[in-house]
Amino acid sequence: MPDSRVKDSINSVITDLMDKVMDRVLNTDPFIKEEHHSKKPLYAALVPDEIFKGSHFERRFVTPFGGVWEKLAEVVASEYHGNCETGEHITGEIGTERLRRIQEVLNKLEHKGKKGRQLPDWSEELKYVLGGKGELIPTTVVCDVSIKSTVTNKKYAFEIKAPLPNSDQTKVSKEKIFKLLAMQPPKVDYAFFALPYNPYGKKEDYNWAFPKRWFDMNNDECVLIGEEFWDLIGGNGTYKLFIQEVNSLGKEYKDRIYREFLGIEPPRDIEEDVLY
């Protein structure tokens, strides 16, 4: 079970980001009703100010939270595994035939052949790629998150994407994972495509179409979703701790946003726990 330091690390990252957002929307870049009316009088005449005030908050919330998953993974994995980096450049050599086969696999997944588009099968694809040889070519891959574990003495690399990634993002991630595992000699022991939580519930129910073009999201061993990802980087029970901490902080910040930003009382039936 993760110790209190993991909980404190999760709390620290989210609190720091949320406090910066709150300071911006309340102090340094607030929604000014008169300015909105002046710039967009037609909108102001037809739509309540609160709608645009909400949009103002959203735009200032989404940008700083763009890298939150990598930051959370870094602090959690550092506590549990001892070493973790974001944006590490991993350089190695890959045989030309392996590089060619990586592109061949990706092309078959992307484009329809005579029998239709090929379905993803990670274990068979990786086996095929690693069967290639050829002249070694220096190659560099930038990892979202990498862990050099003092617990397992293994090196892990992760491509971490939001729970509903688009097709292009997923294709790039798959190519990077292939290259990491194709390096000679190996530079990592494991490489994964990871989603921090699953909006569909169980892994077998995950059904967002775009990444399923590139991975068998329900069965590929290189795909980690929700609990299996957090428990790998932070130890058993980390995902449950993560969910509890986010939902707990959510209660506090929702109340502040209603009262301090929107200037209204929170509704009695507000949904509190949204991550599960």
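**Reading helices and salt bridges in a predicted model**

Analyst: Let us open with a pair of side chains: Arg 100 forms a salt bridge with Glu 97, and their closest N and O atoms are 3.0 Å apart. This is a predicted model, in which local features need pLDDT of at least 70 and side-chain atom pairs count only at pLDDT 80 or more, whereas totals for chains, interfaces and linings use all residues. Residues are numbered from 1 along each chain as its sequence is written, and side-chain values use heavy atoms, with hydrogens and water left out.

User: What counts as a salt bridge here, and how many are there by this rule?

Analyst: Side chains of opposite charge can pair when their charged atoms come close. The rule applied here asks for a side-chain nitrogen of Lys or Arg within 4 Å of a carboxyl oxygen of Asp or Glu, and by that rule the count comes to 21 salt bridges.

User: Where do Arg 100 and Glu 97 lie?

Analyst: Both belong to helix H6, three residues apart, about one turn of the helix; helices here are DSSP runs of H or I with at least four residues, strands are runs of E with at least two, and the numbering starts from the N terminus. An α-helix has 3.6 residues a turn, so residues three or four places apart point the same way. Glu 97 also forms a salt bridge with Arg 101, where the closest N and O atoms are 2.9 Å apart, and these two are four residues apart in H6, again about one helical turn.

User: Are Glu 97, Arg 100 and Arg 101 buried or exposed?

Analyst: Buried means under 20% relative accessible area and exposed means over 50%, with partly exposed in between, using a 1.4 Å probe and protein chains only. Arg 101, at 17%, counts as buried, while Glu 97 is partly exposed at 23% and Arg 100 is partly exposed at 42%.

User: Which residues of H4 are buried, and what covers them?

Analyst: Helix H4 (residues 49-62) has 14 residues and reaches 20 Å from its first C-alpha to its last, close to the 20 Å expected at 1.5 Å a residue, where the expected span is 1.5 Å times one less than the number of residues. Its buried residues are Asp 49, Phe 52, Lys 53, His 56, Phe 57 and Arg 60. Seen down the axis, they fall within an arc of 145°, so they line one face of H4; the arc is that of the directions from the helix axis to the C-beta atoms. Their cover includes helix H1 (4-28), helix H2 (33-39), helix H3 (41-46) and helix H11 (238-262), with contact meaning heavy atoms within 4.5 Å.

User: Which residues are buried in helix H7?

Analyst: In H7 (residues 122-130), Trp 122, Glu 125, Leu 126 and Val 129 are buried. They cover an arc of only 95° around the axis, which puts them on the same side of H7, and what covers them includes helix H6 (96-110) and helix H8 (167-182).

User: What is Leu 106 in contact with, apart from its neighbours within four places in sequence?

Analyst: Leu 106 lies in helix H6 and is buried, with a relative accessible area of 0%. Leaving those neighbours aside, Leu 106 is in contact with Lys 171, Lys 174, Glu 175 and Trp 214. From Glu 125, Leu 106 is 19 residues apart in sequence and 9.6 Å apart in space, C-alpha to C-alpha.

User: How does the protein look as a whole, and what are its secondary structure elements?

Analyst: The secondary structure comes to eleven helices and seven strands, and the C-alpha atoms fill a box of roughly 65 × 50 × 35 Å along the principal axes. Buried residues make up 44% of the 276 residues. Among contacts between residues at least 6 apart in sequence, 73% join residues at least 24 apart.
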